[in-house]
Amino acid sequence: MLVGEPGVGKSILTTQLACSLTLGQPVYDFFNVPQPRHVYYLQLEGEPEQAYERMQRMASKVNRNSELLYWDCRPQGVDLLDPLQVQSLLKEIAAWGKKPDLVVIDPLYQSVFGELARELPSKAIIRFLGAARTLFKPCAFLLVHHTKKPSYTREGKQIEEADPYFGSTWLKAYINTSFLLKPGGGEYAGDQVMLVCKKSRGADVVRDLILHYAPETDTVSADAPLDEQSGYERVSKYLVKLKS
């Protein structure tokens, strides 16, 4: 699960991820991809032209293999509470003819029309994921999700929560890994965003990443936090930044 407030860049991250996977290229210039992967992207918000234009801007840095990427745009969302819609969606994914290695649901709330705080919609998502995992095994899923609405003190200052996840505890307990995408602060205030791990059931999951945004290509590159970089890495990256 990737959680972040609106406009922080979740769709940029997930689009770049999908494109890189289909080519077997390093994701965010950080994660190695051993071989090209099949990606089924379920876009439940916005028009398909927006995604296409974003991929066109990315193409000079990160292109894509259209044979391995299926973009399923449904601006009106889907209703996973409806068994008929669930079966129809599973059949359409299977009809692609290629077993997906990754299925992206972006954004998650549009799969149950915003009712994620309730138990039944969250269980409907879990049932769908379970059915899809059985049908397309092995397959990974990326759930793109918004944070809950911010709360404020009496003085009007926003209260920063450690994990602003919004939704049922059923879904939070089900997922293996969750990341929070948030603006950088403190020593990282000059960087675009931070990707922070909030939950992990595996020891091999990266905990934190600094993400540098390149507006000319609408892409990001990743670095480990400064205290995890060697002195050589910090100096060389600083010189590259000065040169650019």
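Colleague: How many disulfides does the count come to?
Modeller: The count comes to 0 disulfides. Bear in mind that this is a predicted model.

Colleague: And C73, where's the nearest cysteine sulfur?
Modeller: That would be the sulfur of C19, 15 Å away. C73 is in no disulfide, because a pair of cysteine sulfur atoms has to lie within 2.5 Å to count as one.

Colleague: OK, switching to the inside. Which residues of the largest nonpolar core touch the most other members?
Modeller: M1, L80, I105, L108, I125, F128 and L171, out of 30 residues in that core. Several elements supply at least two residues each: strands β2, β4 and β5, plus helices α3 and α4. The largest share is from α4, with 6 residues.

Colleague: What does I125 touch?
Modeller: Leaving out residues up to four places away in sequence, I125 touches L80, L108, S111, V112, L116 and L171. L80, L108 and L171 are also on that list of core residues with the most contacts to other members.

Colleague: How many residues are in the second, separate core?
Modeller: That one has 28 residues, L13, L17, V39 and M55 among them.

Colleague: Last one, S20. Where does S20 lie?
Modeller: S20 is in helix α1, which covers residues 10-23. S20 is buried, with a relative accessible area of 0%. Beyond four places away in sequence, S20 touches Q25, P26, V27 and V62.

Key. Residues numbered from 1 in each chain as written. Predicted model: local features only at pLDDT ≥ 70, side-chain atom pairs only at ≥ 80, totals over all residues. Heavy atoms only, no water. Helix = DSSP H or I, 4+ residues; strand = E, 2+ residues; numbered from the N terminus. Buried < 20%, exposed > 50% of the residue type's maximum accessible area, 1.4 Å probe, protein only. Contact = heavy atoms within 4.5 Å. Core = buried A, V, L, I, M, F, W, Y, C linked by side-chain atoms within 4.5 Å.
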